[in-house]
Amino acid sequence: MRFIGKAIGFAPASEEADERAYAITVRAQDVLNRSFYKMLFPMIKMNILKEDLGGVLRWVVPKSLVMKEKVLKEARVELDGLTTSFEEDLSSGTGIFFFGDEMTYADVAVFTNLDLTFHLDCFDREECLGGRPKLKAFMETMGPKAEPWFKERTEKNQGGCYNIIEYLAEDNSPLKWSRKKKN
């Protein structure tokens, strides 16, 4: 991300600010590593149970068999700590973005990773952003800017499913007739 950001002029102006942007980007990756990936497969399984065979499987298979409460709690605690750190970073700045009024690669990394994580039903976007007004304003500002890219990704790469979990569940269903048709 840092290399591309510098190559396309999406890096902060000073070397010191770039070091800080890199550190923020690493924490953005931690959102995926510590929260999103922990819950990805359980959420895909839950979605398959909810959707396949008219959702009857969700009543047959206990939720505790698919999703471990301890892992969910750990993922939520990690996400809470990371969103708090992003709020602190934004509060120490002077604009809507991490480095004032100019968007950088760090802003893109934080937004895309949080947005992706909020697609998981086990993380409540409003709850995660509650008490974090700067981070909430940042996410609301970035959303419309990212929408054209998300629309293109949905149409070209996710079979029309906006939510990555729905796409992965449909694409990987154990029931052949439930799988997404390839374009």
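Contact means that heavy atoms lie within 4.5 Å of each other. Keep that in mind for the exercises below.

This is a predicted model, in which local features need pLDDT of at least 70, side-chain atom pairs count only at pLDDT 80 or more, and totals for chains, interfaces and linings use all residues. Residues are numbered from 1 along each chain as its sequence is written, and side-chain values use heavy atoms, with hydrogens and water left out.

**Exercise 1. The overall picture**

Find how many helices and strands the chain has, and what share of its residues is buried.

*Solution.* 
- Step 1: Helices (H or I, at least four residues) and strands (E, at least two) are DSSP runs, numbered from the N terminus.
- Step 2: The chain has nine helices and zero strands, and the pattern along the sequence reads α-α-α-α-α-α-α-α-α.
- Step 3: Buried means under 20% relative accessible area, exposed over 50%, and partly exposed in between (1.4 Å probe, protein chains only). By this rule, 44% of the 183 residues count as buried.
- Step 4: Take the contacts between residues at least 6 apart in sequence: 70% of them join residues at least 24 apart.

**Exercise 2. Asn113 and Gln29**

Decide whether Asn113 is buried or exposed, and find which residues it touches beyond its neighbours within four places in sequence.

*Solution.* 
- Step 1: Look for Asn113 in helix 6, which covers residues 105-118.
- Step 2: Asn113 is buried because its relative accessible area is 12%.
- Step 3: With neighbours within four places in sequence set aside, the contacts of Asn113 are Ala28, Gln29, Val31 and Leu32.
- Step 4: Now turn to Gln29, which sits in helix 2 (residues 15-51). Gln29 has a relative accessible area of 34%, so it is partly exposed.
- Step 5: Under the same exclusion of neighbours within four places, Gln29 is in contact with Tyr37 and Asn113.
- Step 6: For a distance, pair Gln29 with Val110: they are 81 residues apart in sequence, yet their C-alpha atoms are 8.0 Å apart in space.

**Exercise 3. Following helix 8**

Find where the kink in helix 8 lies, and which helices its buried residues pack against.

*Solution.* 
- Step 1: Helix 8 covers residues 133-157, and a kink of about 50 degrees lies at Ala146, shortly before the proline Pro148. The bend at a residue is the angle between axes fitted to the seven residues ending there and the seven starting there.
- Step 2: Among the buried residues of helix 8 are Leu135, Phe138, Met139 and Ala146.
- Step 3: The buried residues of helix 8 pack against helix 5, helix 6 and helix 7 (125-129).
- Step 4: On the helix 6 side, look at Phe111. Phe111 is buried because its relative accessibility is 2%.
- Step 5: Beyond neighbours within four places in sequence, Phe111 is in contact with Phe138, Met139, Met142, Gly143, Ala146 and Phe150. Between the C-alpha atoms of Phe111 and Met139 there are 6.4 Å, although the two are 28 residues apart along the chain.
- Step 6: Just after helix 8, Gly159 has a positive phi of about 55 degrees.
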